[in-house]
Amino acid sequence: MSSDASETGGHATLDTFRHSPRLSLFFIGLLLAFTGYFVAWGSGYIQSQHTLLFFLTTLFGVFMAFNIGGNDVANSFGTSVGAGTLTVHQALLVAAIFEVSGAVIAGGEVTSTIRGGIVDLDGMAIRPLEFVFIMMSSLIAAALWLLFASHRGYPVSTTHSIVGAIIGGSVTLGVLKHGGLAALDLVQWREVGMIAISWVLSPALGGIVAYVLYSLIKRHILAYNDRAQSRLETIREEKRAHKRRHREAVERLSEVQQMAYTQAMARDMQAISDRDFSIDDLESEYYRKLYAINRKREDVHAHRALEHWVPVIAALGAIILTAMLLFKGFSHLALGVDTLGSYLIMGMVGALVWMATFIFAKTLKSETLGRSTFLMFSWMQVFTAAGFAFSHGSNDIANAIGPFAAVLDVLRTGVIGEEASIPPLAMLTFGVALIAGLWFIGREVIQTVGHHLTRMHPASGFSAELAASAVVMLATTFGLPVSSTHILIGAVLGIGMVNRQTNWSLMRPIALAWVITLPAAAVLAAGAFMVLNGVF
């Protein structure tokens, strides 16, 4: 974790993207090694049928995962890097561990093939290879749109990208088979309407929750700390003035008086070290006044907010993250825990985090108030980012692995199934591509989220991430159509509104990119489908 001031830490770390050639070469080698090994393994898995299509699909899928890392994962860690809580290297390490672990451990063994999803492919006769072309065109189209958005620094929804691409490929096939109107009837327009609603609902919910949460933190913790810091500075100045006056007074004494006064001060110094010390034991005016000044310092209770409120907020955050992991991150695993058991686990985790945070706050009393605040919120933000990354890896990696697994299943079996199995090696390969994408093309999105939309520090970064996690969890519970990307951007805007530092001029092209994502991916997929259908 970085110990630099939050105002400068994030900007300095972004340069590491351009100044780590060895790490860049490492990721290139790692990605090529995993991709090459998977291609060799997959040739046997599909029984050497349609090897060229399998090779192209693997490249498209890895490219898609690479761009998810450069946009979606970069968006997730933008607040941590922008706040100076993590350097880019540290964010990379956290993402590598938790994103890949989420994908491999909790990503699920099967995925839906979208036959009954956003496009009703049962509504027309479709050959297995035509289905393959739809999925392949969807992967490359969504990846290209994400690459463009990442280059511009626009955080967009990868889910909306892949959905738009699938619509584009499917409608193109429908037009070739049945004509325009019949092809449009294949699209579940109600689902598209729900996506349109999410353009407004997601950032609105994220912004409202983040605004309320950060306002409370700012009022009860940060503002209290500012007042306490101001009083401590006044007391320090009073102590410095007292020392100057004492020095001047001693210089006016005779040598005999100085010796006597020095001996009295030595006895006072010994007296102060005694546990049963009383102010009546002091002989010198210097130590009597110094004692009174120090009592003023103790009466400030500078760390009260950190000891009282921060553990409560940390416990709340732990409960929300645990809920997100149990009900969303681990949703593909058969844990054998019922709803009551899940609530008990959430309560236990919250209690443990409260105790740990309270003890941590006590140990920081010897640190300055500013550094104590920075350290506590930094650690809390790291854990929030890690939990968000695990849940992201377990769910959103499906945007790349879903269409790829569908193609793999068709190439292996020759038929279109309702579900497709996901080889663990595919999850691992796509996870590596995810992290490589964060390293190579994630810089612009991190700058947008962590710096350009508003100024971030650990407390505000933690508030944005916790608010986004809470909204994602609530939306999942109530079935609301939301995008985690849009929610986090809304949360960052909510922080900016509290601080009156929101960059609305930058938000306009980002919002336009959100609206364009669906049709842009659809048009790219239509073109890709025509090429694939014509070549093969």
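## Basis and overall make-up

This is a predicted model, in which local features need pLDDT of at least 70 and side-chain atom pairs count only at pLDDT 80 or more, while totals for chains, interfaces and linings use all residues. Residues are numbered from 1 along each chain as its sequence is written, and side-chain values use heavy atoms, with hydrogens and water left out.

The protein chain holds 19 helices and two strands; these are DSSP runs numbered from the N terminus, with helices being H or I of at least four residues and strands E of at least two. Along the principal axes, the C-alpha atoms fill a box of roughly 110 × 50 × 45 Å. Of the 536 residues, 54% are buried (under 20% relative accessible area with a 1.4 Å probe, counting protein chains only; exposed is over 50% and partly exposed lies in between).

## Helix α8

Helix α8 comprises 63 residues, 189-251, and its end C-alpha atoms are 89 Å apart, which agrees with the 93 Å it should span at 1.5 Å a residue. The expected span is 1.5 Å times one less than the number of residues. A kink of about 40 degrees is centred on K218, the bend being the angle between axes fitted to the seven residues ending at a residue and the seven starting there.

An unreviewed UniProt entry lists residues 225-252 as "coiled-coil region"; such annotations may be inferred rather than shown by experiment. In the model, this span is 96% helix and 0% strand, and its end C-alpha atoms lie 41 Å apart.

Helix α19 has 32 residues and reaches 46 Å from its first C-alpha to its last, close to the expected 46 Å. At I516 there is a kink of about 45 degrees, shortly before the proline P519.

A nonpolar surface patch is formed by L52, F55, L59, V531, V535 and F536, with about 550 Å² of accessible area together. Both α3 (51-82) and α19 (504-535) give two or more residues to this patch; α3 gives the most, with three. Patch residues have over 30% relative accessible area and no salt bridge, and nonpolar side chains are joined within 5 Å. A salt bridge is a side-chain nitrogen of Lys or Arg within 4 Å of a carboxyl oxygen of Asp or Glu.

## Buried segments

Helix α16 (residues 443-452) is mostly covered, with seven of its ten residues buried; among them are V445, I446 and V449.

F430, in helix α15 (residues 424-441), is buried with a relative accessible area of 0%. F430 and G69 are 361 residues apart in sequence, but their C-alpha atoms are 9.8 Å apart in space.

Note on methods: Patch = residues over 30% accessible without salt bridge, like charges linked within 9 Å, V, L, I, M, F, W, Y side chains within 5 Å. Areas by Shrake-Rupley, 256 points an atom, 1.4 Å probe, with all protein chains shown as cover.
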